[in-house]
Amino acid sequence: MPKKKYILVLVPLLVTVGVTGYFFWSRTRTPENLLTLYGDIDIRQVQTALDDNGRLLDLKVQEGDRVRKGQLLAEIDPVRFRDAVDRDIANVAAQKQVLARLRAGSRPEEIAEARAEVAAAQATLSNAEITWRRQQALAARRYVPEQSLDNAATALKTTRANLDHAQQALTLAIKGPRQEEIAAARHQLQADKATLALARRALVDTRLYAPEGGVIQDRILEPGDMVSPQTPVFTLALDNPVWVRAYLPEKALGRIRPGMKATIDSDSFPDRRFTGWVGFISPTAEFTPKTVQTTELRTELVYRVRVYACNPGHRLRLGMPVTVQIPLLHNPPRNPPAHPCGN
């Protein structure tokens with residue numbers, strides 16, 4: 001009897017131990033159609049800077065603040081930029097009037113004035129001709145000196161030249177401005193408009209906006225500092241999506257392609273599995289880095305792979321060690337779909 005009791009107790013215990021052992025073995029073993037990689041979370045960073053020189057007027061965010069794309073981050077003193085815009089607006093307005101005047105041509109009053117100048121020159125010429133004839137007759141009889149005849153001849157030439165000048169002025173007034181002058185004025189107006197556009201762009205550039213959604217990692221400057229396009233104001237960390245830097249063994253290279261789905265596990269969030277996708281596989285082999293722990297020999301060649309992951313809740317952070325699992329396919333897709341992430 002005691003022997004039967006012993007058997008009845010031992011059999012269930014062995015069954016329990018076997019089931020438990022199989023469960024943990026099945027959870028820890030790696031199937032042949034599943035590739036496991038180990039790597040670290042990496043993110044991109046943006047050094048945000050203003051597009052012009054100036055003095056920082058205000059900073060809108062602090063370190064650690066989460067910003068969205070297009071959010072105002074900082075601005076510089078805009079006074080001189082506004083003055084430049086006002087100046088260029090006036091230049092454009094003045095050049096428009098110049099072009100309008102040239103296109104309109106001569107006014108009727110200007111043509112009438114030119115005609116009057118021609119008539120006056122003709123009258124002066126008639127009087128000069130009469131005077132010259134009289135002086136010529138008197139000089140022939142030696143009643144006046146030769147100098148008087150020379151003076152009358154010179155006055156006659158001058159009045160003829162004045163009449164020709166007045167006639168040419170009348171012709172120009174009737175024809176109006178040359179087409180080349182109108183074209184030059186039109187191009188000058190275009191140049192003034194371009195200058196105004198640049199001044200307005202410079203005024204807009206006195207404000208710094210977030211190029212993408214992310215987290216302010218560093219606030220480098222403070223209000224009152226002088227800035228330039230070469231001086232960053234903030235360091236912005238782009239943390240959605242993030243990507244895992246891992247290394248792919250050569251044996252699995254033929255069964256992995258960009259776009260394939262992957263899962264990412266982190267010790268910091270054991271109850272949460274992140275979805276991702278293969279984004280990049282290096283075309284060049286390299287020796288396994290010393291920081292990478294794999295089941296293969298360290299001397300084997302590997303390929304750097306980048307596995308992207310959406311980061312809802314922004315839980316995955318820079319440098320976090322993670323485990324990546326990629327289901328291996330015998331015929332992986334050649335045109336994988338895109339996997340965008342919202343910020």
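In which strand is the place of N240? N240 belongs to strand β8 of this predicted model.

View 1. Strand β8 spans residues 234–249; strands (E, at least two residues) are DSSP runs, numbered from the N terminus. Of its 16 residues, 13 are buried, so the strand is largely enclosed by the rest of the structure.

View 2. Strand β1 (residues 34–48) runs antiparallel to β8 and is joined to it by eight bridges; two strands pair if DSSP finds at least two bridges between them. T48 faces F234 of β8. Strand β6 (residues 214–219) is also antiparallel to β8, with four bridges. Here R219 has F234 as its bridge partner.

**View 3. Pairing of β8 with β11.** Eight bridges connect β8 to strand β11 (residues 301–309) in the antiparallel sense. L248 is found opposite Y303 of β11.

**View 4. The setting of N240.** N240 counts as buried because its relative accessibility is 10%. Its C-alpha atom is separated by 7.4 Å from that of G214, a residue 26 positions away along the chain. A polar atom of the N240 side chain lies 2.9 Å from the backbone nitrogen of N311.

**Notes to all views.** Residues are numbered from 1 along each chain as its sequence is written, and side-chain values use heavy atoms, without hydrogens and water. In this predicted model, local features need pLDDT of at least 70 and side-chain atom pairs count only at pLDDT 80 or more, whereas totals for chains, interfaces and linings use all residues.

How values were computed:
Buried < 20%, exposed > 50% of the residue type's maximum accessible area, 1.4 Å probe, protein only. Polar contact = N/O pair within 3.5 Å; in protein donor to acceptor, adjacent residues only side chain to side chain.
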